[in-house]
Structures are given as C-alpha cells and as structure tokens.
Amino acid sequence: MKTKVIALDFGIKRTGIAISDEMKMIASGLRTVETRNLMQELKKIIEEESVDTLVVGQPKHIDGKPMQLEKNILFFIEDVQALFPTLIIKRIDERFTSKMAFQTMIDSGLKKKQRQNKGLVDEISATIILQNYLQYI
C-alpha cells in the first residue's frame, strides 16, 4: 500500500499542514488549523490518507539555537508518538520558510489583502517544509 507524508508548520495559535502525493514527490498545502484542534485533525488525516511519516518543522534562531516554541513542539510530538506508535516522525529546519512563503504569495500575484492571511502563510510554510524533506528521501 502506498503511503503519504504530512508536514506541520507548528505555531502557538495556528498550524499549517501539507501532504505529499503517494509517490512522495509533490507537496501540497492541505489546510491551516487552530493548534488547539490539531490533534483531532491529525487523527482524521492519518486515518483517511494512510500517512506513514510526519515531518515537523524545527524553529530555530538565525544562530541555530532552538526557539522557545520548540518546547511546545516536543510535548506535542510525545503525544503524537503515544497515539500513533508506528508513525515515523522527522524534524527539519524551518528557518526562513515563512519569508519564503510570503515571497511565494507575492510571486503568485496574490493581492495585499490575501497576503495578510496568516493561515495561508502557515499552510505554504508547511508545504515548503514538506518539499524540502521530500527532496532528501
């Protein structure tokens, strides 16, 4: 059975989610959810989409030190691992993905009002995180 990979751009308020195709070559934005609803959303996606790998962005400062948010992410990963013991969890550096996402929105011709949609930025960031991961598997 072919499986997919999902990626998260984890945030305190919102989390962007992206998913791969079954060939694990193309990343597509899926949606952005409020982080407090993330676990139930993940359950749904993992069950419906036959996901075998979860990629979670690692937020770091420019000097490479982990950001404060990393503590929350580690707790979240523990919970996910407990719920889905066979799920492979990978981490990938997410520095500059938000800037890249914003630039992608500009390059796509989105109007200023649309570019202010932080949820869309999170979803595109998750897509960039996933695409970066897929390049190396």
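**Entry 1: E49 and K4**

I note that the model is predicted. Which residue does E49 form a salt bridge with? The partner is K4, and the closest N and O atoms are 2.6 Å apart. I then checked where the two sit. K4 belongs to strand β1 (residues 4–9), while E49 belongs to helix α1 (residues 38–49). The pair therefore ties together parts that are 45 residues apart in sequence. Is K4 buried or exposed? I found K4 at 16% relative accessibility, so K4 counts as buried, because buried means under 20%.

**Entry 2: R14 and D122**

Next I turned to R14. R14 forms a salt bridge with D122, and here the closest N and O atoms are 2.8 Å apart. I placed R14 in strand β2 (residues 14–20) and D122 in helix α5 (residues 118–134). The two parts tied together by this pair are 108 residues apart in sequence. R14 is partly exposed at 28% relative accessibility. D122 is buried, with a relative accessible area of 10%.

I went on to R31. R31 forms a salt bridge with E41, and I read 2.6 Å between the closest N and O atoms. R31 is in strand β3 (residues 27–34) and E41 is in helix α1. They are 10 residues apart, and the pair links distant parts of the chain. Which residues do shared partners join into one network? I found R31, E41 and K44 joined by salt bridges that share partners. I also noted that R31 is partly exposed, with a relative accessible area of 32%. E41 is buried, at 12%.

**Entry 3: salt bridge count**

How many salt bridges are there? I got a count of 9 salt bridges. Among them are K4 with E49, R14 with D122, and R31 with E41.

**Entry 4: the aromatic pair**

Last, I looked for aromatic pairs. The structure holds 1 aromatic pair. F10 and F76 form the pair, with 5.2 Å centre to centre. The angle between the planes is 45°, and the pair is tilted. I found F10 in the loop between β1 and β2, and F76 in helix α2 (residues 69–83). So this pair ties together parts that are 66 residues apart in sequence. F76 counts as buried at 9% relative accessibility.

Methods:
Residues numbered from 1 in each chain as written. Predicted model: local features only at pLDDT ≥ 70, side-chain atom pairs only at ≥ 80, totals over all residues. Heavy atoms only, no water. Salt bridge = Lys/Arg side-chain N within 4 Å of Asp/Glu carboxyl O. Helix = DSSP H or I, 4+ residues; strand = E, 2+ residues; numbered from the N terminus. Buried < 20%, exposed > 50% of the residue type's maximum accessible area, 1.4 Å probe, protein only. Phe/Tyr/Trp six-rings, centres within 6.5 Å; stacked < 30°, edge-to-face > 60°.
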